[in-house]
Amino acid sequence: MNTYLVIVLAALVLEYFLSTLGTFLNLKALDPKLPAEFEGHCDAATYQKSQDYVRINSRFGLVTGAISFVVTIVFILAGGFNTIDQWARLFELGSIATGLVFFGILFILMDILGTPASLYKTFVIEEKFGFNKMTLGTFLGDKFKSYILVSILGSLILGLILYLFEKAGNHAWLFAWAAMAAFTVILPPIFTSFIAPLFNKFTPIEDGELKEKLDAYAQKVGFPLTGIFVMDGSKRSTKSNAYFSGFGKRKRIALFDTLIEQQSTDELLAVLAHEIGHYKKKHIVLGTILSIVQSGILFFCMSFFLDNKDLFAAFKMEHLSLYAGLTFFSLLYSPIQMILSVFGSILSRKNEFEADEYSAITLQNSTHLISALKKLSVENLGNLTPHPFVVFLEYSHPPVLQRIERLRGIAGPN
């Protein structure tokens with residue numbers, strides 16, 4: 001059997017096995033007894049509801065994961081990529097345009113296959129547990145906007161990469177890396193200013209105690225905050241969150257309207273301090289640098305495989321092409337990507353602990369962030385007892401009980 005095919009299939013099997021194992025371990029780790037830390041903050045009925053939410057989502061994930069795994073394996077073994085390539089070539093376009101059509105067909109097929117699961121999760125599971133506020137019109141509208149964005153940004157990024165690998169010779173990977181590095185830096189502000197407003201309404205926070213406290217804290221710690229906005233998250237879900245965006249002197253905080261409804265002023269200030277902590281601890285910059293380094297390694301390795309006949313034979317391809325080579329190498333690279341994602345999750349959890357610590361120290365108070373985390377977990381029906389193996393593999397944030405334990409260990413007035 002083709003060696004490259006063995007590697008790709010083995011990676012898919014391993015990924016599916018780890019995902020399935022993690023799901024069963026998480027289900028087994030569910031503890032019917034409410035953790036002592038949450039006594040008085042979560043009643044028995046809500047805790048039972050959170051565990052039911054985990055069970056239903058886990059079982060649904062097992063079904064969709066199995067279907068996706070089987071479809072992917074069958075698609076590869078049946079020469080599905082070659083069929084799509086033949087469809088793309090029917091338009092008799094140039095190599096770059098044909099590549100974009102190839103990627104476009106792949107995207108549409110994956111979206112069609114994934115849409116039923118997305119509809120069920122949104123309008124059945126999330127609806128059952130009182131989270132969903134999205135209408136079918138909003139769902140379809142989001143889908144349409146996503147297609148437009150993918151068409152524009154996907155064509156721009158992939159088209160440029162294909163052009164560089166076609167025209168730049170042996171140094172193409174360097175030019176592609178430089179282009180991707182530039183996109184990595186400029187896309188976040190583009191997302192903040194142009195893309196996010198297509199999906200949600202962002203309103204400057206009203207004058208009052210909350211705005212005054214948030215502004216005063218930002219000035220105190222030297223954070224160049226250009227705006228605090230309220231996002232209409234309730235348009236789609238009752239779940240709440242907050243996020244920081246922006247580079248240089250243009251930085252903004254977005255608070256979900258649901259978060260403002262659920263949290264006190266001091267709790268919201270603690271959440272804001274956590275987000276600013278990511279900036280102050282250079283997490284955003286470090287993450288950007290690591291992303292750029294990883295893309296450089298990816299492009300360098302990719303340059304050795306784009307015209308590898310054995311790799312194309314593994315997928316039953318009749319023609320060699322740059323665009324198919326990019327796709328196949330991404331599958332071949334997946335074992336390395338899995339390992340990198342684990343290390344990325346470890347680093348992300350470390351960063352979350354550091355941002356929590358920054359919030360507690362600069363506010364000289366950890367109780368408000370602790371209460372905010374508790375409310376977020378209860379309101380979002382979070383899993384309070386995830387299995388350590390799943391946390392190690394997948395969690396970008398530490399389990400809430402670990403975060404609270406760390407916060408309680410920080411010295412200072414509370």
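1. A quick definition before the tour: on a 1 Å grid over the protein atoms alone, a cavity is a set of points where a 1.4 Å probe fits but cannot get out, and lining residues have an atom within 4 Å of a point. A pocket is an open set with protein on both sides within 12 Å along at least five of seven lines.

2. Some housekeeping: this is a predicted model, where local features need pLDDT of at least 70, side-chain atom pairs count only at pLDDT 80 or more, and totals for chains, interfaces and linings use all residues. Residues are numbered from 1 along each chain as its sequence is written, and side-chain values use heavy atoms, with hydrogens and water left out.

3. On to the cavities. Searching the whole structure turns up 2 cavities of 30 Å³ or more (a volume is the space filled by probe spheres set on the points, and grid points are joined across faces, edges and corners). The second largest cavity comes to about 30 Å³, and its lining is made up of L30, Y47, S50, Q51, V54, G382, N383, L384 and T385. By class that is 4 nonpolar, 5 polar and no charged residues (Ala, Val, Leu, Ile, Met, Phe, Trp, Tyr, Cys and Pro count as nonpolar, Asp, Glu, Lys and Arg as charged, and the others, Gly among them, as polar).

4. The largest cavity has a volume of about 60 Å³. Its lining consists of F38, C42, T46, Y47, S50, S377, V378, L381, G382 and L384. Helix 2 (44-77) and helix 14 (367-379) each give two or more residues to this lining, and helix 2 gives the most, with 3 residues (helices are DSSP runs of H or I, at least four residues, and strands are runs of E, at least two, numbered from the N terminus).

5. Now the second largest pocket, which holds about 730 Å³ of space. It has 27 lining residues, and H283, I284, L286, G287 and T288 are the closest to its centre. Helix 10 gives the most to the lining, with 9 residues.

6. Last, the packing. Beyond its neighbours within four places in sequence, F102 is in contact (heavy atoms within 4.5 Å) with F81, I84, D85, A88, Y323, A324 and T327.
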